[in-house]
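Subject: Structure for you to look through

Dear colleague,

Please go through it slowly and check each point against the picture.

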Amino acid sequence: MISKPNRLAWAFGWLLAFASMPASANLNVFACEPEWASLVSALLPDANITTATTAWQDPHYIEARPSLIAAMRKADLAVCTGASLEAGWLPSLISRAANRKIQPGSDGLFFAADHAPLHQSHEHVDRSMGDVHPEGDPHLHLSPNAIPLVASSLAERLVSLVPDQQAQIQVRYIRWRGKWNQHRQSWRSAARQLAGTGVVTQHSTFDYLLRWLGIEVIADLEPKPGLPPGSAHLRNVLATPDLARASVIMVASYQDDRPARWLSSQSGVPAIVLPGTVTGQPGEETLEQVINLIVDTLLNRQEPTNVE
């Protein structure tokens, strides 16, 4: 039996040993787009997150800047969309960072598109089709159904990387999922009012949400995916008989609003600029808030930013 003084010494020794152990380092996360930075932050608030793009940048075209290479080099986890959205810059960034943790196929590289069904996949793609992704439309981040699937898989990935925080991550995910479901109920109510209406868009940024809401995309300002609107195509859109059924012309914050402004001036259909993703501004800090803003705008037919 250990004597009382020895027991005290033994216990004190363990306390000193425990105190001298290094604290669990915060996870370094590289997020390709703001939506994934926001989702990681909801599940792991203490993570050190670097975001490669903003809501005012086209995520298809990003320069592999030295600062991004440095952030990727120290990342424990990279969270990106996938489905070839970042094909023009992410492979180069990964190669130049030379970080073994985030190589393709490793647990440190997470693609959201791998964890939810995508619309409009193609067996054959060539350049004549424009910027078409064979895997399907990668802009799933505004899908009320897809994001919970992504969040669940992301939570599992985070637990595998920081197992000592498993309980906290699971609790945060359950709370996040409960709040998301509450929002989705209100979106379903809005969908009953919006179903059957029509809009004009530019690119497929909002397509998952519009499809979920039952809203028809009457025309696209792009002649082909990724090709900027030209005057001939805009005149064809103006001549579209169904244009009169469009309630709004929607463009994302990273897109040039001039084609939408021209079409609005010629047709009388109001043009609106909406955040294509999380902006970090008040009321636009989470995907739920961004979807709320888009849905409320469509319901009220009021413009958060007037481009007319």
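What follows is an account of what was found, beginning with the whole chain and then turning to single parts.

Please keep in mind that this is a predicted model, in which local features need pLDDT of at least 70 and side-chain atom pairs count only at pLDDT 80 or more, while totals for chains, interfaces and linings use all residues. Residues are numbered from 1 along each chain as its sequence is written, and side-chain values use heavy atoms, with hydrogens and water left out.

**The whole chain**

The protein holds ten helices and eight strands, where helices (H or I, at least four residues) and strands (E, at least two) are DSSP runs numbered from the N terminus. Of its 308 residues, 48% count as buried; buried means under 20% relative accessible area, exposed means over 50%, and partly exposed lies in between, with a 1.4 Å probe and protein chains only. Among the contacts (heavy atoms within 4.5 Å) with a separation of 6 or more, 65% are between residues 24 or more positions apart.

**Two helices side by side**

Helix α6 (residues 166-194) packs with helix α10 (residues 287-300) at an angle of about 15 degrees, and their axes are 11 Å apart. The axes are lines fitted to C-alpha atoms, for helices over the stretch in contact, and the angles run from 0 to 180 degrees between N-to-C directions. This angle makes α6 roughly parallel to α10, since angles under 35 degrees count as roughly parallel, over 145 as roughly antiparallel, 65 to 115 as roughly perpendicular and the rest as oblique. If you want to find the place where they meet, the residues of α6 include Trp176, Trp180 and Trp187, and those of α10 include Ile291, Val295 and Leu298.

**One side of α8**

In helix α8 (residues 231-238), the residues His233, Leu234 and Val237 are buried. They cover an arc of only 100 degrees around the axis, which puts them on the same side of α8; the arc is that of the directions from the helix axis to the C-beta atoms. These buried residues pack against β6 (216-220) and α9 (258-267).

**Salt bridges**

Side chains of opposite charge can pair when their charged atoms come close. The structure holds five salt bridges, each being a side-chain nitrogen of Lys or Arg within 4 Å of a carboxyl oxygen of Asp or Glu.

One of them joins Lys101 and Asp76, with the closest N and O atoms 2.7 Å apart. Lys101 lies in the loop between α4 (90-97) and β4 (109-111), and Asp76 in the loop between α3 (66-73) and β3 (77-80), so the pair ties together parts that are 25 residues apart in sequence. Lys101 counts as partly exposed at 47% relative accessibility, whereas Asp76 counts as buried at 17%.

Another joins Arg245 and Glu216 (3.0 Å, N to O). Because Arg245 lies in the loop between α8 and β7 (246-252) and Glu216 in strand β6, this pair ties together parts that are 29 residues apart in sequence. Arg245 is partly exposed, with a relative accessible area of 39%, and Glu216 is partly exposed with 37%.

A further salt bridge links Asp257 with Arg261, where the closest N and O atoms are 2.9 Å apart. Salt bridges that share partners also join Glu216, Asp242 and Arg245 into one network.

**Some residues in loops**

Where does Pro144 lie? Pro144 is in the loop between β4 and α5 (146-161), and it is buried, with a relative accessible area of 0%. Leaving aside its neighbours within four places in sequence, Pro144 is in contact with Trp180, Arg184, Trp187, Leu209 and Trp212.

Pro45, in turn, lies in the loop between α2 (34-43) and β2 (48-51) and is partly exposed, with a relative accessible area of 45%.

Finally, please look at Ala98, whose phi is near 55 degrees, a positive value in a residue other than glycine. Ala98 lies in the loop between α4 and β4 and counts as exposed, at 61% relative accessibility. His203 also has a positive phi, near 70 degrees, but His203 counts as buried, at 8% relative accessibility; its place is in the loop between β5 (198-201) and α7 (207-213).
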